Amino acid sequence: MKKTQSLSGALTVAIFLFVGVASAQSPKGKSGVFALTNATLETVTKGTIANGTVVISGGKITAAGTNIQIPAGAEVINCNGMKIYPGMIDAGTKIGLVEVGSIPQGTDERESGEIIPQMKALTAVNPNATVIPVTRISGVTTAITMPEGGLLPGTAALINLHGYTPDQMFAGFEGVILNFPNTGRRGFGDRRTEEELKKASEKALVQLNDVWDKAMQYSKLDSATAGKGVGYYPELQALVPVIRGERALMIEVNAQKDIQAALKWVQEKKVKRVIFTGVSEGWREAENIAKANIPVIAGPVIAIPNRDYDRYDAQYANPGLMRKAGVRVAIRSGEEGNGNYRNLPYHAGFAVAYGMSKEDALRAVTIVPAEILGVSDQMGSIEVGKTANLFVCDGDIFETKTQVSHVFVAGWKMPMQSRQTLLYDEFLKREPGLTK
Amino acid sequence: MKMKNILLLLVTFSILTSGNAQTEKGTVLIKNGTVLTITKGTLANSDILIKDGKISQVGKGLTVPEGTRVIDATGLFVMPGIIDAHSHIALDQINEGTNAITPEVYTGDVLNPFQVSIYRALAGGCSVSHALHGSANSIGGQSQTIKHRWGTYDADALKMEGAPRTIKFALGENPTGHGRRDGVQPQTRMGVEFVIRKAFSEAKEYSARWDAYNKAKVVKGFRGAPPAYSLRMQTLADILKGEIILHCHSYRADEIQMMLKVTKDFGIKRLVFQHTNEGFKVAPEIAAAGAMASVFADWWQYKLEVYFSTAYNAAILVRNGVLTSINSDSPDLIRHLYHEAAKTQKYGGLNDDEALSLITINPAKQLGVENRVGSIEVGKDGDIAIFRNHPLSIYAVPQYTLVDGLVRFDREKDPADMRIMVDPKQTDEVTTIYEIGHGYDFCMQDASLLFEAVTGENK
C-alpha cells in the first residue's frame with residue numbers, strides 16, 4: 001500500500017513535469033486568428049506605423065494599421081511597443097539540401113553532370129532539416145534553396161521555412177541556375193594558373209552556347225508540334241521555360257570580366273528573365289548592370305574583397321554602390337559554409353554601415369527579393385492580403401543584440417525554439433553538474 | 001671606398017633594415033572619446049596619452065607638447081586593440097602534416113609580413129593575433145603571437161616580444177582523417193589519446209635521461225656522452241615543464257574531457273581549448289580544471305563534430321566560469337570580431353563588458369600577454385581601436401587602429417591599394433571568389449596539398 005502511494009505520487013509528479021514542459025513550448029506551429037497589438041509596424045512599403053496592430057487570419061494578413069477592430073476569438077499578442085517586420089527572404093541558400101557539410105551522405109546539393117538544369121532542388125528539400133528552425137527563429141521566413149555544381153547545376157526553389165512536405169513549403173518561384181563561365185579563382189584552394197582558368201571558362205562558354213542553341217531549337221520544335229513528338233531531352237525541356245521567359249535564369253557571376261561577358265551574352269541570346277546572383281564585383285560594373293536593367297541578388301556582404309589591391313571594405317560597400325548606380329539590389333547571406341543564414345540581417349547591416357541607406361537595406365531582404373522573384377503580391381511587406389510571413393522583435397532587426405520574440409510563417413505561429421536553443425536550455429545549468 | 005667606410009655603411013644599413021619596425025613606437029594623444037577600458041569601466045569624454053608606444057596616462061583634459069599627433073575621438077568609441085587567439089594570417093604555411101607529432105616546427109619560421117590580410121585585420125580593429133599551426137596532426141607545431149605591424153618588411157618584427165611560447169594540438173576529425181589517409185595512428189579518438197599519452201611519456205623519459213646526464217656531468221671524473229638531442233622531444237619536455245601554453249583544437253565534449261584527464265595526469269596546467277564547439281556540455285569540468293576556451297560565435301554544420309553546436313556556447317561557458325574568447329580562424333572573421341562578440345548578446349545576453357572581454361582581455365590571458373595588451377590601462381602597450389558607433393553595434397565602423405602608439409590603419413587616409421609587395425606574376429584581372437566559413441577549412445590548409453602530392457589524388 002505504501003509502495004503504491006509513493007508510486008502514484010511519483011506518477012503525479014511525472015505527469016505534472018511533463019505537462020509543465022509541454023505547455024511551456026509545443027514543438028508544433030499553431031494556426032488561427034491572431035491580433036498583434038501595440039506594435040511599431042515596419043511595413044517596408046507603407047512606411048513605419050506607430051501603435052499599430054496586425055491581424056492574421058487564414059494564413060493571411062487581414063488587417064494592418066491603427067484603429068483596427070480585433071476579431072472576436074482572436075488570440076491577442078500585446079507587443080508592448082516592439083517592432084513587427086515582414087519575414088526576411090534569403091534568396092540564396094542550401095536550406096534542406098545540406099544537413100552536415102563534410103559528409104557525402106549529409107548533402108544533396110551537387111548532382112553529377114555539367115548540364116543538368118532538370119535537377120530540382122525542391123525534390124530534395126528535407127522539411128525537417130535542423131537548419132530550418134535555426135534560421136526561422138531569427139526572422140528569416142523564406143529562402144531560395146539552390147543546387148550547386150557545374151555549368152547548369154539545376155533548378156532552385158523558393159520555400160517558406162515551415163511545412164512537412166516540400167510542396168507545403170513551396171512559395172511560388174523556381175529558377176534555373178547558370179554558373180556563368182568563371183575566370184576567377186574559387187577560394188584559397190584553387191591553384192589553377194591564369195592560362196588554365198581562361199581555357200576552362202572558354203570551354204564552358206562553348207558548352208553553354210551549344211546547349212542554349214539546342215534549347216532554342218527544341219523550344220521551336222516543341223511549339224511546332226504543340227508539345228508532342230520531339231522526344232525525351234530532359235536538359236532541353238528544363239530550359240524551355242527559360243527560353244520562353246516563363247522562368248528566370250539565375251546567373252551566378254562575380255568577377256568583373258565575367259559580369260561584362262554575362263551582360264553581353266544575355267543581350268545576344270535575348271534571355272527574357274534574368275537575375276544576377278553573387279555579383280561580388282558588381283561595384284565595378286554597376287552602371288552597366290543598371291543600364292541592362294538586370295536585378296541583382298548580392299552576397300555574401302560580410303566577405304573578403306576579391307583582389308589583394310581592392311579596398312578592404314569592397315564587399316561591405318558593394319550593395320550600396322550598386323544601389324547608388326540604380327541597380328535593383330537584394331541581399332543574400334551566402335553563409336552556406338556554416339549554415340548561418342540566420343545572419344542575413346547582419347549582411348544587410350554591414351551594407352548600411354558601409355554606405356547603403358537603412359531603407360534600401362531593409363528592402364533588400366524583404367520586398368526587393370520578393371519583386372525579383374515575382375512573389376511580391378504574396379510577401380515582402382506588411383500589407384493586407386499578403387501571406388502572413390512576419391516576426392516581432394525588440395529593436396532594429398539589423399542590430400546584433402535584437403531579440404526576435406514571435407515568428408509567423410504563412411500564418412503559423414512558430415515555436416521559438418531550435419536545437420540550438422534546446423541545447424542552451426539543457427546546458428546553461430547542467431544537471432548533474434560536477435558530481436556523478 | 002675604404003674598408004672602414006664599407007663596414008660603416010653595412011652597419012648603418014643593418015640598423016636601418018633590421019632595427020626599423022621592431023623598435024618603432026609612436027606618441028599620440030587620443031582626445032575626448034568614450035573610452036571602453038574593459039577592466040576599469042567606461043569613461044566618457046576621456047583622453048589617452050600614448051608615449052613611446054605605451055599608454056602613459058588616461059584621464060580628462062590631458063595636454064601634450066606642440067607637434068604631438070592628436071586624434072580627435074569626439075563622438076567616437078575607443079577600445080583596446082582586438083586580440084584573436086586563433087588565426088592563420090601572416091603565415092606562408094600552416095600544416096606540417098608529415099607525422100602525427102611535429103612539435104619541432106614553428107610558425108614563427110614562416111611569418112609573411114606582406115600578406116594584405118594583416119592590414120585587413122587592422123581595418124577591423126584587430127592588433128594582435130595568434131598565428132597558429134593547423135590541425136592536421138595530433139601534436140602540431142609551435143605557434144607565434146604576432147602584432148599587426150603592417151608596413152614592416154621584417155618578418156621577425158611581427159613577433160610580439162616576450163610573448164610566451166605556444167603550441168597547437170588537435171583532436172577529433174582532422175587528425176583522425178589524416179591518419180586514415182596515411183594509414184597510420186590516429187584513426188579514432190582512442191588513437192588520438194594514445195598518440196598524445198605516448199608522446200608525453202617518451203618526453204618524460206627523454207627529460208629523465210637529460211636530467212641524469214646533467215646531474216652526472218658536474219661530478220668530477222665523469223666520463224660519458226650526453227643523450228641524443230631531439231627538438232621534438234625537447235619541445236614536449238618544455239610543455240611538461242610549463243614553459244609552453246598548450247592550445248588544443250577540439251570540438252566534442254568527450255575529447256575535451258579526455259584532454260583534461262591527459263593534461264592532469266602529466267601535470268600540464270596551461271591549457272586553452274580551441275573551437276571547443278561542445279565546450280558548453282562540459283563547461284563545469286573545463287572550469288574546475290582551470291582550462292580556458294576559445295570559440296566561434298556561431299559556426300556549425302560544416303562537419304559532423306560541429307553538428308550539435310549552439311550559438312549559446314560562449315554564454316554558457318562564461319556563465320559556468322570558463323575564461324572564454326571568441327576567435328576567427330578566418331581572414332574574414334578576424335576583420336569583424338567586434339560583431340562576432342556582439343552575437344553573445346543575442347545568444348545568451350552577455351553585457352557589454354563581458355562581450356568585449358571575449359575579444360580583448362580574455363584572449364590576452366589565453367596567450368599569456370595580459371600584462372601587455374587587452375585593456376586600456378597605464379603601462380600597457382598603445383594598441384587601440386577607435387570606432388564610429390559602439391563596437392558591439394552592427395553599424396560600428398573602425399576608424400583608426402594603433403599598434404604600439406602608431407596609427408597602422410586610418411579609414412579616411414589610407415588608399416584602397418595597401419599592398420607593400422606586389423606579386424610580379426599576378427595580373428590585375430585575377431580575382432578570387434571566396435566562400436564563407438568552412439567551405440574551405442583554413443585549419444587544414446597545406447594538408448590537402450600534401451595529400452595530393454603523396455597520393456596523386458586531387459580532392
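Begin by selecting helix 3 (residues 173-182) and helix 4 (residues 189-217) of chain B, whose axes come within 9 Å and cross at roughly 95°. The structure on display is a predicted model. Because angles of 65 to 115 degrees count as roughly perpendicular, helix 3 of chain B is roughly perpendicular to helix 4 of chain B.

Next, show the residues where these two helices touch. On helix 3 of chain B, select B:Pro175, B:Thr176 and B:Gly179; they meet B:Arg189, B:Gly191 and B:Val192 in helix 4 of chain B. By class, this contact between helix 3 and helix 4 of chain B comprises two nonpolar, three polar and one charged residue.

Now display both chains and turn to the place where they meet. Here 51 residues of chain A are in contact with 54 residues of chain B. On the chain B side, select helix 2 (116-122), helix 7 (283-289), helix 8 (313-319), helix 9 (337-346) and strand 17 (432-433), the elements that each give two or more residues to the side touching chain A. Helix 9 of chain B gives the most, with five residues. Colouring this side of chain B by class will show 27 nonpolar, 14 polar and 13 charged residues.

Which residue stands opposite B:Thr432 in strand 17 of chain B? Selecting A:Arg185 gives the answer, as A:Arg185 stands opposite that threonine.

Technical notes
Residues numbered from 1 in each chain as written. Chains lettered and ligands numbered in written order. Predicted model: local features only at pLDDT ≥ 70, side-chain atom pairs only at ≥ 80, totals over all residues. Contact = placed C-beta atoms within 7 Å. Helix = DSSP H or I, 4+ residues; strand = E, 2+ residues; numbered from the N terminus. Nonpolar A, V, L, I, M, F, W, Y, C, P; charged D, E, K, R; others polar. Pairing = 2+ DSSP bridges. Axes fitted to C-alpha atoms, helices over the stretch in contact; angles between N-to-C directions. Parallel < 35°, antiparallel > 145°, perpendicular 65-115°, else oblique.
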